[in-house]
Amino acid sequence: MDKDGDAHIEAWAQLISVTDLDTSFIPIKKNKFVIGRNSDCDLPHPGNNLISGRHCYIERDDQGKVWLYDSSTNGTLLNHCIKLCKGERRELHHGDEIHIVHKKNATHGDIGYMFQEMEALRAETSSDTDDTQEYTVPQADLTIEDDALNEGSSLLPLWKRKSMEIFPISCKKSKSDSLPDVTISTTGKPRTAEDNPKDVARDKSEMTDKTDDTLGADSERKSLGAEPEEDAIAESLMCIICQELLHDCISLQPCMHSFCGGCYSEWMERSNECPSCRVKVERINKNHIVNNLVEAYLKVKPERMRPEEDIQALDTKNKITREMLYPAKKETDADDEDSEENCDEDETDDQGDHFSQGPFNGPVGLLNNTNNFFNQGGMVFGIGTPFFGTAINRAAQPVCRQCPNFVDTSSLGQPVGASTAIPTRGAVGGMGLAASTSTLTAALSGPSGSGSDNPGAKILPTAPNFTCAPNGNHVLCLCCMQPMPDRRKNNQIPPQQCGICYRAYCHAYWGCRKLECNGCLGKFKDMNFGEKCLASLILNNAYESEIFKNYMETKGLSVNDVLAACLAKMVLGEYVCTNQAVLSANDGINTPVCYECGLRNFRDLAYNYMRDIPLGELPAEVKNRTNCYWGRHCHTQRNKPNHARRFNHICEQTRTS
């Protein structure tokens, strides 16, 4: 607010609250006006956690231009359509609205102001004063007693009766009446036909002109003062960006919100999200139906048509190309034959190519060979529903490594059979699974190599001896997207699904062949998370995770060592994790878990492990930090490196509001 030293300075602008009508206007006297939560701000909002300490500021430069700068975490909304992020600025004009707190679903807590420049405000005030004209109305001293006239005037509309009462009117009696013609003169005295005819004619002419002028002015005032009728069609055909009728309308998928092509082109350069709902845009379509509706609407109301220069500007800004509207489709290798006998076979081949390009994104050897991957009969159980063929209304049968007609055409090695795909090396984690020493294992082990010298290397188990029955059901591994026999009800074989999320994975059954996979399924105690998880292991906080990684290097600990220590504490009841109840209801640390579920619970255990590290074993700059009010539940620690470095988050929350 105003300081004592600024009391004599004249304000060059002011802010008016648009969310709290009882608040008086706030004058702006300094060239830099700061709004924020801190008490030293020019417009402070103490105690509001949605506002940053120095949320934004208004600055007037040497050229007289006014700029709005954002320096907040949550951003500043300008004119309900432009969101300024930290470090951005926009030129501010007279009448612009600034919202420092804006919620879509709960507007009662919004905080917004209208910016007004004093020079522009004074110009508007003087213009309104010049346009206002005072006038006096001559009053008639004569009252005409005429029942027919009174009855007829009572039936007129109110605005016409008002004008008849206020302004002088010339009234002429009908010929059937015995009374003489009476005319009200401009001086208020009645005149009859016996008076000077020239005076009577002059008075009638003056009264008629005044009456016409009065009715015309009253009609004009009525048309200008009337509230515009609501046009629901125009509101439905309006672009929320430019607030005008849609021009060259495009619609976004999957949210189906529509905008002008030129308006969205400018937005598209800054964000890949929908301007209305902030959903990620997957595709852009031209909306011909809306374009036709706008064209039909403008034929009825041509006054709503945009100026020609605005349409040309929108067409110039439109950067949406034909390739964006109609993405090129992949060409299929189906052979065209003229014989009618092969018509059904061609349709079936096209359907197989469609599936191979769609949900299955695995190695080239299995997926691109349509004849090998799909056959007739059986089902593929993936995330939920099976895939059915369309040509003969039968399910498409995949071919897995244990199908009789499977041939390994992958580029990782020579073709191998289903039952002898991977040799045995030794047991893994007491699950009866074996590892391979073939060149395939070496390729999948990654740059760190394979074998006992590297405990973090990926180990491929051997699949149980099994041959798929004709038309047998299969299930998809959600890691490599490859089919495997659906034997999830058999408890005597390695597991095929996670015990927490119940999604299917193939690594524990016969080894996942995806190069980036460290083991997508296994017992919790035998999971190989790898060193890549250390980057965000502790609370998804990069700084705390780096401290923990340095501590492990100092003590010579590996990821598997930390996991074993954490699981031992969990068995004793000292540590807890997110899905501990589910693990306890199954086989505890022997429960099969997928990589994602296992890592989620390992992060909880690793936090408890780091919490128990003595402060004396940590660096001085780490242990001297103050605790964050929000503790481990702080959201700022994940995206603000400076905040994560200054405060300690290995603690519990002490602040609730």
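Q: Hi! Where does proline 254 sit?
A: Hi! Proline 254 is in the loop between β14 (249-253) and β15 (258-260). Keep in mind that this is a predicted model.

Q: And what is the peptide bond from glutamine 253 to proline 254, cis or trans?
A: That bond is cis, with omega near 10°. As background, most peptide bonds are trans, and most residues other than glycine have a negative phi.

Q: How accessible is aspartate 248?
A: Aspartate 248 has a relative accessible area of 25%, so it is partly exposed.

Q: What about histidine 80, what is its phi?
A: Histidine 80 has a positive phi of about 65°, although it is not a glycine. You'll find histidine 80 in the loop between β7 (76-78) and β8 (82-84). With 48% relative accessibility, histidine 80 counts as partly exposed.

Q: Zooming out, how many helices and strands does the chain have?
A: The chain has 20 helices and 27 strands. There are 657 residues in the chain, and buried ones make up 37% of them.

Q: What share of the contacts with a separation of 6 or more comes from residues 24 or more positions apart?
A: Those residues account for 53% of such contacts in the chain.

Q: Let's do helices. How far does α16 reach?
A: Helix α16 covers residues 559-571, which is 13 residues, and reaches 18 Å from its first C-alpha to its last. That is close to the 18 Å expected at 1.5 Å a residue.

Q: Which residues of α16 are buried?
A: In α16 the buried ones are Val559, Val562, Leu563, Cys566, Leu567 and Met570. They cover an arc of only 130° around the axis, which puts them on the same side of α16.

Q: Why would residues three or four places apart point the same way?
A: Because an α-helix has 3.6 residues a turn.

Q: What do the buried residues of α16 pack against?
A: They pack against α15 (542-555), α17 (580-585) and α18 (595-611). Just after α16, glycine 573 takes a positive phi of about 85°.

Q: How many residues of α18 are buried?
A: In α18, 12 of the 17 residues are buried, so this helix is largely enclosed by the rest of the structure. Among them are Cys597, Leu599, Phe602, Leu605, Tyr607 and Met610. The buried residues of α18 pack against α15, α16, α17 and β25 (592-594).

Q: And what span does α18 have?
A: From its first C-alpha to its last, α18 reaches 24 Å, close to the 24 Å expected at 1.5 Å a residue.

Q: New topic, rings. How many aromatic pairs does the structure hold?
A: The structure holds 7 aromatic pairs. In one of them, the rings of tyrosine 57 and tyrosine 69 have their centres 4.8 Å apart and their planes at 10°, so the pair is stacked.

Q: Where do tyrosine 57 and tyrosine 69 lie?
A: Tyrosine 57 lies in strand β5 (residues 56-60) and tyrosine 69 in strand β6 (residues 66-70), so the pair ties together parts that are 12 residues apart in sequence.

Q: Are those tyrosines buried or exposed?
A: Tyrosine 57 is buried, and so is tyrosine 69.

Q: Which residues form an aromatic cluster?
A: Phe529, Tyr595 and Phe602 form one. Phe602 is also one of the buried residues of α18.

Q: Which ring does the charged end of arginine 60 sit over?
A: That charged end sits over the ring of tryptophan 12, 4.3 Å from its centre. Likewise, the charged end of arginine 487 sits over the ring of phenylalanine 466, 4.0 Å from its centre.

Q: Last one: is lysine 458 buried or exposed?
A: Lysine 458 has a relative accessible area of 4%, so it is buried. Its place is in the loop between α13 (439-444) and β22 (474-476). Lysine 458 and asparagine 528 are 70 residues apart in sequence, and their C-alpha atoms are 7.8 Å apart in space.

Technical notes
Residues numbered from 1 in each chain as written. Predicted model: local features only at pLDDT ≥ 70, side-chain atom pairs only at ≥ 80, totals over all residues. Heavy atoms only, no water. Phe/Tyr/Trp six-rings, centres within 6.5 Å; stacked < 30°, edge-to-face > 60°. Helix = DSSP H or I, 4+ residues; strand = E, 2+ residues; numbered from the N terminus. Buried < 20%, exposed > 50% of the residue type's maximum accessible area, 1.4 Å probe, protein only. Lys NZ or Arg CZ within 6 Å of the ring centre and 35° of its normal. Expected span 1.5 Å × (residues − 1). Arc of directions from axis to C-beta. Contact = heavy atoms within 4.5 Å.
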